[in-house]
Amino acid sequence: MSKRASKQAQAALTTEEQTLLAIVKAHPKGVDIEDIKIQLDGWNDNDILTHMNQLSSKQYVDFMTLGKTGKLAFKARSAEEASKTGGMKDEERVIYRLVKEAKNSGIWIKQLKDRSGLHTQLANTVIKNLEKKNIIKWVKPVKTPHKKVYMLFELDPSTELTGGAWYTDNEMDMDFIEQLSTQVYKYIVMKSFPQKVKDAIYPPSHSAYPSASDIHKFISKSGLTTVPLGVPDVQALLDRLYYDGKVTRILKTGARGGDPDRMDTDFDDDEDEDEFDDDFRDGGERVRDLDKGDVWMYKAVKGSALEERNAWTEVPCGRCPVREFCKEGGPVNPSNCRYFKDWLAAS
Amino acid sequence: MSGEKDRLAKAILLEHFGPIVQKVAGGLLERGRSTLVVLVRRLELSAKQVRECLFILIQHNMVTYAESAEGSRMVVYYQININAILLRDRFPLYMKAVRQKCGEESQRMFTEILRHGRANYPLLAANAQGPGMTRDQIADVFKALLDARVVVECRPQDSVTAEDQLMSEEAAEVARRGGLPLTATEMTKLRRELALKRDQYDDGVETGSKRKVVLDLEEITNKKVAVNEDPEQDPDKYYRANFAKLHVFLRNEAIARLAERRMNASAGEVVRKLLSASEHKMRDCGTEAKSEPVSQIMLSSILDPNIPLPVDGRPPGFSGTLDYLESLMQDDLKLVTKESEGGGGQFSVNLKQAAIELKARMMESVVQEKFGDAARRIWRILLLMQKLNETQVNKFALVPLKTARHCLYAMHNAGLAFIQDVPKTLDHSAARTFFLWYVSIPKSTTQLAQSAYHALANLKRRRATEIEARALLIEKMSRTDIIEGDAQLSESEAAAVENLNRVVDQLVGSEIRMAEMLMVLEEF
Ligand code: SF4
């Protein structure tokens, strides 16, 4: 249908308008009045503007401002779009344009109303109409779920809005994340310890620990998930395991010229720092280094180095909700407290 | 802080020495440095009672005195050392450490020293006398304690308040230099010199008999016993436990166990031996930042041959020492560092870092137990990256913002995470302020220690309550006819006894573990 419609519309253009449109169409990024004048002998500014206005009102051309200079320029609309907007009322077109400009980041409904300059009620009906016609749609951004955000119907919301692979229906999908990271962890464990001798370690020069892209490959091949994951997503998962203290990372020797001794001295540098805080700073930097590429190999940590039992959380006072009020001789006190009673009775 | 500490100290004193000593010590704790007269007046006890209590407290190394001239009179001030009281809760740990280092017999003798606070050799030997122990064996048992320096000789100065000792030394030095008041810089210099001198002196004492400063009186006794084959057995010499050294042993063992948990038993052995090589030189936990470097070859020779060092892909008979050392260096805990290349590489243990790790891991485990996996992850993120805002935390941890916020505030309430506010405007309005989260091991150490003192005192209180509630039963149990089997406890009484024993055991066990936690926090 759109072809026929566009032919009809095309037919309605005067020759001058058609010439002008051809030029504008040749510049998909927009063209300003000076450039047009160069290509059209004998036209003056006024001619161009009159015909341009005509084209604009017939939905063939959009006005725009160019870059920093703020110069007036023109841009052609695609035929399809022309047909879509062709039948629109002015106020619909205003809304349409604002929504379109927002691309897949969307525009917040309040901003949409404000910028359109339309009366709230009118704006509401227009928005409803466009929604009904499947021209625009709304989504809820993960970060601000109470804000409705509008975008063109055919667009996929940006990861900023959806939160990326880890979100399902605007909620962080904890089960999915946990399951996947368990699998990834198992995979790393498998690669981290020699199978042959019990309790043996790999020599420090061992370099077959998996990297982020290895693990990405593993996930893609394993069919663990149908959600498409990028390497950065996998990286986030690995970081999470690292923060959990379940895996540690080792600089890929290749990434630093293959000399293990050099790596050692690199690590030594920060040992001498006196300030306690500094001992941890280099950890932070290493985390930031991550974007530099596939430089880390991941290795499972054998033990988290935590004691199995913890004196503090074991006794009632370590978990006591009224600890602040507990005083010898006071209404809450260790002699009569029921937390102790339960604890002593329990074992 | 001091409130909880005082409360715990008093509970310990009551348990170990009874109510009157507790009262006197309590008076000193509350008032600080006091004279006998002041104590007598305040405590409403007789001068004799107070004096005897002070004697006991000095005997057990908890109170020191200082004489100072006030006008024409000499006034004696007494001062109490709260840490010397608090560490009494850790006696079982010290005893265990001594057993590991010096053996069972030595531990028994050590316990005797703890019981008396200070003891001389004849007393110890008399107590050690048993079937099958020859005099030489007893002497060896004692020698082992001295050699490990878990026991040291008491010096007269030990009973003199350290601060007063300093002041009088300084005054003497100033007088010697002409008596003119010194400038601040001169004073600092003088203090440093004196400190150095004291250090050297301490070294002398710790090695046993070689002493640089000898008081007149002792010189005479020394001559008198010169005939005695062993100067250490002189009945005029008294010995006490050296807790600073015991802390070194306990800390080193804790570090080795850390490596063990982290990697495997072999790594634990490597760290243990790396530490033991210079352990005899460590006087306390604060002095050295690193252990003395040991060469890889040297280390290989002292490792326990019964603990293999398995490394994948190495030929049989290959020494895994270097691989283990380097793996430990590679590890995030950074327990081991390489000091130089000589002798196949010289390695040392990073003691300072290890002490921080020990505390950090303890806190991590508290976070984990109390608040769960997500909180632990967040805590570790903050430890690694320092200051972050909520949304950054939520992004890195890959948990919903709500969970992140919940964890952060929960940890904040427990003293395990802290907020720093960065106001954007001068009016410090909350709406225009960044809130950054961070964790701090030193800060949390203080907080956790505070809570632990509270909990430990509660445990003690509860134990006392449980026992008081059964006072009649206990009284009955100690009746002679029951002990001799002429009369029996009823079934319900027997059950109650069993229950009481169980409850007390549970409480005591937790007390020791809590005391150990405090030791890690306060001494390492
Ligand atoms: S109320 Fe009971 S559990 Fe709570 S702090 Fe006091 S003694 Fe401990």
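Predicted model: local features only at pLDDT ≥ 70, side-chain atom pairs only at ≥ 80, totals over all residues.
Who sits around the ligand? From chain A come Pro316(A), Cys317(A), Cys320(A), Arg323(A), Cys326(A), Val332(A), Pro334(A), Cys337(A), Tyr339(A) and Phe340(A), while chain B brings His454(B) and Asn458(B). As for which elements give two or more residues to this shell, they are α16 (316-319) and α17 (338-346) of chain A, plus α21 (441-469) of chain B. The space that the ligand takes up is the second largest cavity.

Now to the sheets, starting with chain A. Here three strands make an open sheet, ordered β1-β3-β2, with antiparallel pairing. At the edges you'll find β1 and β2 of chain A, each with a single partner strand, so one side of each has no neighbour in the sheet. Within the sheet, Asp32(A) stands opposite Ala73(A) in β3(A), and Phe63(A) has Phe74(A) of β3(A) as its bridge partner.

Chain B also has an open sheet of three strands, in the order β1-β3-β2 and with antiparallel pairing. Its edge strands are β1 (34-35) and β2 (63-70) of chain B; each has a single partner strand, so one side of each is left without a neighbour in the sheet.

| Strand pair | Sense | Bridges |
|---|---|---|
| β1 (residues 31-32) and β3 (residues 71-76) of chain A | antiparallel | two bridges |
| β2 (residues 61-66) of chain A and β3(A) | antiparallel | six bridges |
| β2(B) and β3 (residues 73-80) of chain B | antiparallel | eight bridges |

A helix goes with each sheet. In chain A, helix α2 (residues 15-25) lies across β1, β2 and β3 of that chain and runs at about 95 degrees to β3(A). In chain B, helix α2 (residues 19-31) lies across β1, β2 and β3 of chain B, at about 95 degrees to β3(B).

Note on methods: Residues numbered from 1 in each chain as written. Chains lettered and ligands numbered in written order. Heavy atoms only, no water. Near = heavy atom within 4 Å. 1 Å grid on protein atoms, 1.4 Å probe; cavity = no way out; pocket = protein on both sides within 12 Å on 5 of 7 lines; lining within 4 Å. Sits in = over half its atoms within 2 Å of the grid points. Helix = DSSP H or I, 4+ residues; strand = E, 2+ residues; numbered from the N terminus. Pairing = 2+ DSSP bridges. Contact = heavy atoms within 4.5 Å. Axes fitted to C-alpha atoms, helices over the stretch in contact; angles between N-to-C directions.
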